[in-house]
Amino acid sequence: MAFRTEKARALWDQIKQFYDEMYFAPYRRTMLKEIRNEEDVFKLLAFSEALGIPNPVSYYTLELMPFMLEDFHEWHQRMGMEKSPLDGFKCC
């Protein structure tokens, strides 16, 4: 009896997963693109002082720099900059 319950539960979980994927599949690309756009704006704000744009909250964004440098190369190429725009940081 316990084996049947486990098997039925596993089948039900697979059905739920299938319908979740069917529902979210058309929207996944749109959501990922929107998340990337928000991250790009945030990175522009964080790196703006280094790019020569005055940033009123540079004291707070300076603390985030070590965490954001991992994705910096991908970000500046996506923004259309062939080389690193920062003088002190060469990633390419």
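Which are the buried residues of α1? In this predicted model, they are Asp 40, Lys 43, Ala 46, Phe 47 and Ser 48.

The chain contains 4 helices and 0 strands, and its elements, read from the N terminus on, follow the order α-α-α-α. The radius of gyration of the chain is 22 Å, well over the 12 Å that the globule rule gives for 92 residues, so the chain is more spread out than a compact globule. The C-alpha trace gives another view of this outline, for it spans about 70 × 25 × 25 Å along its principal axes. Among the contacts with a separation of 6 or more, 31% are accounted for by residues 24 or more positions apart.

Helix α1 covers residues 2-51 and has 50 residues. A straight helix would reach 74 Å at 1.5 Å a residue, but the end C-alpha atoms of α1 are only 64 Å apart. When you follow this helix in the structure, look at Ala 25, where there is a kink of about 50°, shortly before the proline Pro 26. Just after α1 comes Gly 52, which takes a positive phi of about 95°.

The C-alpha atom of Lys 33 is separated by 21 Å from that of Phe 47, a residue 14 places away along the chain. Asp 40, also found in helix α1, has a relative accessible area of 8% and is therefore buried, since buried means under 20%. Lys 43, another residue of helix α1, likewise counts as buried, with 8% relative accessibility.

What do the buried residues of α1 pack against? They pack against α2 (58-62), α3 (65-68) and α4 (72-78).

The nonpolar residues can be followed next. Which residues make up the largest nonpolar core? This core has 6 residues in all, namely Ala 46, Phe 47, Met 65, Met 68, Phe 72 and Trp 75. The elements that give two or more residues to this core are α1, α3 and α4. Within this group, Met 65 is in contact with Ala 46 and Phe 47, when its neighbours within four places in sequence are left aside.

Leu 69 has its place in the loop between α3 and α4, and with a relative accessible area of 30% it is partly exposed. Leu 69 and Arg 4 are 65 residues apart in sequence, and their C-alpha atoms are 52 Å apart in space. Gly 80 is placed in the segment after α4, where it counts as exposed at 62% relative accessibility. The C-alpha atoms of Gly 80 and Asp 40 are separated by 12 Å, although these two residues are 40 residues apart along the chain. For Asp 40 and Gly 52, which are 12 residues apart along the chain, the separation of the C-alpha atoms is 17 Å.

Notes. Residues numbered from 1 in each chain as written. Predicted model: local features only at pLDDT ≥ 70, side-chain atom pairs only at ≥ 80, totals over all residues. Heavy atoms only, no water. Expected span 1.5 Å × (residues − 1). Bend = angle between axes of the 7 residues up to and from the residue. Buried < 20%, exposed > 50% of the residue type's maximum accessible area, 1.4 Å probe, protein only. Contact = heavy atoms within 4.5 Å. Core = buried A, V, L, I, M, F, W, Y, C linked by side-chain atoms within 4.5 Å. Rg over C-alpha atoms; globule rule 2.2 N^0.38 Å.
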